[in-house]
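I have a new structure open and want to get my bearings. These are my notes, in the order I looked things up.

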Amino acid sequence: MRWSSQELQTEQVGALPGLARLNNLVRSVQTPEFAGITFHEILCKSALNHVPGQSTMPFGYTINPYRGCSHACTYCFARTTHQYLDLDAGKDFDSEIIVKVNVAEVLRKELAKPTWGRHPVALGTNTDPYQRAEGRYRLMPGIITALADSKTPISILTKGTLLRRDLDLLVEASEHVPVDLAMSIAIYDDELQQSVEPGTPTTKARLATVTAVRERGLDCGVFLMPILPFLTDTRAHLDEALRRAKAAGATSVLYSGLNLKPAVKDWYLLWLTREHPELVGRYRELYAGGQYAPKEYRTWLAARIKPLIRAHGLERGIVDPATGGLRSSALPASPERMPTSGSRTPAPLLAALRVPAAPSVPAAPSGRGPGPGRGPSLETGPGAITWARAADAPRSLIAAELPLDLTPTLF
Ligand code: SF4
């Protein structure tokens, strides 16, 4: 078995009631190099998750080799999924990690079925596939290889610098199928980043990973999300973020404001009370109406950041005329575009995203024109599309309310 050679400090079987109910739990283990974390190794029955409502989604399938995430972002959308396992959405999400140890084998069988349509498959739409556990379990190489061998387009979104380990494989895969990569990098203040995302690699390390991807000839987007109200939404922070993303070689930037589902809101406000008590009242007011910041805030944020994204030349993307959103190169415009041979397809953007919901068309502040090297504008270039039209498009997956195992954590 894949873990037979690994040194284990302790071993427990059926450690937790919710997990025990899964009846495919192999064992629960703790190791010295992952202090405070328990891995619950399970044998999964399926690897591919079908996304409901595929007709309005930019991808039809996802794979989540892990549940829970030691990156421990306080704002993480996926926290609520742990409650289905009788685990809590706070500390348990960070430290009780479910590992689908046989995911690559199961995936290969699913992809071999004659009915498999080689739909684009996204990783990183729930928990992070390159979280620290991946260093121990090495599930991604088998997943990437299985997808590439079956001519299935791949997109990966991660905060994990461990992605660099698999760059050879990804470059090789991109010779056969579209491969879209992106790093999630939202906080450009080191102290704040370590506080609000305590288990993640530094911003600097993630930007270096963007550069490493670009140096291998693949495109790499940056997800500037979530933008935290009153903490990272200043013009200075956004401008600095975009400047550094551009300098690192990012090919595009997508942004989104903070959404707070109920259980996530509780966990985030605990952190806020501890670290920024002066902001608690403002947050309660801003999110009094639910998990989304009000339309006025989103409109204000859009008006602030969109001109900056344009000015830094980071809005380049593929516009899908059918949806008004940004389409990944992994997505076929029609069935004929599905990969059938070994030809390489450029991989310009990241998978899976539409333009973040923009409720109105904010006017660019005067005096902030596009900077040098600006690419074709989504608003004025060929096949022009306006932000107003984007607002009518299906809401970004980031903001979508999706069921278990599909809850996006695209930040
Ligand atoms: S936001 Fe992403 S990286 Fe952070 S804890 Fe959630 S899944 Fe992990």
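This is a predicted model: local features need pLDDT of at least 70, side-chain atom pairs count only at pLDDT 80 or more; totals for chains, interfaces and linings use all residues.

**Entry 1: the whole chain**

What percentage of the 411 residues in the chain is buried? I get 48%. For secondary structure, I find 13 helices and 14 strands in the chain. I also looked at contacts with a separation of 6 or more, and 79% of them join residues 24 or more positions apart.

**Entry 2: the seven-stranded sheet**

Next I traced a sheet. Seven strands make it up, and their order is S4-S5-S8-S9-S10-S11-S12. The sheet is open and its pairing is mixed. A reminder to myself: strands of a sheet pair through backbone hydrogen bonds, either parallel or antiparallel.

Which strands stand at the edges? They are S4 (49–50) and S12 (252–257). Each has a single partner strand, so one side of each is left without a neighbour in the sheet.

S12 pairs with S11 (residues 220–227) in the parallel sense, over five bridges. One pair I can point to is Leu224 with its bridge partner Tyr255 in S12.

Then I went to S9 (residues 154–158). How many of its five residues are buried? Five of the five are, so S9 is largely enclosed by the rest of the structure. I checked the two faces separately. Ile154, Ile156 and Thr158 lie on one side, Ser155 and Leu157 on the other, and all are buried.

S9 has S8 (residues 121–123) as a parallel partner, with three bridges between them. In that pairing Ala122 stands opposite Ser155 in S9. S9 also pairs with S10 (residues 179–184), again in the parallel sense, over five bridges. Here I noted Ile156 opposite Leu181 in S10, and Leu157 opposite Ala182 in S10.

Six of its six residues are buried, so S10 is largely enclosed by the rest of the structure. Val179, Leu181 and Met183 cover one face of S10, and Asp180, Ala182 and Ser184 the other, all of them buried.

S7 (residues 96–100) was my next stop. Five of its five residues are buried, so S7 is largely enclosed by the rest of the structure. Which way do the residues of S7 point? Glu96, Ile98 and Lys100 go one way, Ile97 and Val99 the other way, and all are buried.

I looked up two pairings here. S3 pairs with S7 in the parallel sense over five bridges, and Phe39 has Ile97 in S7 as its bridge partner. S6 (residues 66–67) pairs with S7 in the antiparallel sense over two bridges, with Arg67 opposite Ile98 in S7.

**Entry 3: Cys44**

Cys44 is in the loop between S3 (38–42) and S4. Is Cys44 buried, exposed or partly exposed? It has 19 other C-beta atoms within 10 Å. Being buried takes 20 or more, so Cys44 comes out as partly exposed.

What does Cys44 contact, leaving aside its neighbours within four places in sequence? I list Lys100, Asn102, Val103 and Val106. I also looked at Asn24: it is 20 residues from Cys44 in sequence, and the two are 7.1 Å apart in space, C-alpha to C-alpha.

**Entry 4: two helix pairs**

Last, I turned to helices. H9 (residues 235–248) and H12 (residues 295–311) have axes that come within 10 Å and cross at roughly 30 degrees. Angles under 35 degrees count as roughly parallel, and H9 and H12 are therefore roughly parallel to each other. H9 passes H12 in a right-handed crossing. H9 brings Arg235, Leu238, Asp239 and Leu242 to the contact, and H12 brings Arg304, Ile305, Leu308 and Ile309. By class, I have five nonpolar, no polar and three charged residues in the contact of H9 with H12.

The other pair is H5 (residues 140–149) and H6 (residues 167–174). They pack at about 10 degrees with their axes 10 Å apart, and H5 and H6 are therefore roughly parallel to each other. Which residues meet between H5 and H6? Pro141, Ile144, Thr145 and Ala148 in H5 meet Leu169, Leu170 and Ala173 in H6. The contact of H5 with H6 has six nonpolar residues, one polar and no charged.

Terms used
Residues are numbered from 1 along each chain as its sequence is written. Axes are lines fitted to C-alpha atoms, for helices over the stretch in contact, and angles run from 0 to 180 degrees between N-to-C directions. Helices (H or I, at least four residues) and strands (E, at least two) are DSSP runs, numbered from the N terminus. Angles under 35 degrees count as roughly parallel, over 145 as roughly antiparallel, 65 to 115 as roughly perpendicular and the rest as oblique. A crossing is left-handed if the near helix is turned anticlockwise from the far one by less than a right angle, and right-handed if clockwise. Two residues are in contact if their C-beta atoms, placed from the backbone, lie within 7 Å. Ala, Val, Leu, Ile, Met, Phe, Trp, Tyr, Cys and Pro count as nonpolar, Asp, Glu, Lys and Arg as charged, and the others, Gly among them, as polar. Two strands pair if DSSP finds at least two bridges between them. A residue is buried if 20 or more other C-beta atoms lie within 10 Å of its own, exposed if 12 or fewer, and partly exposed in between; C-beta atoms are placed from the backbone.
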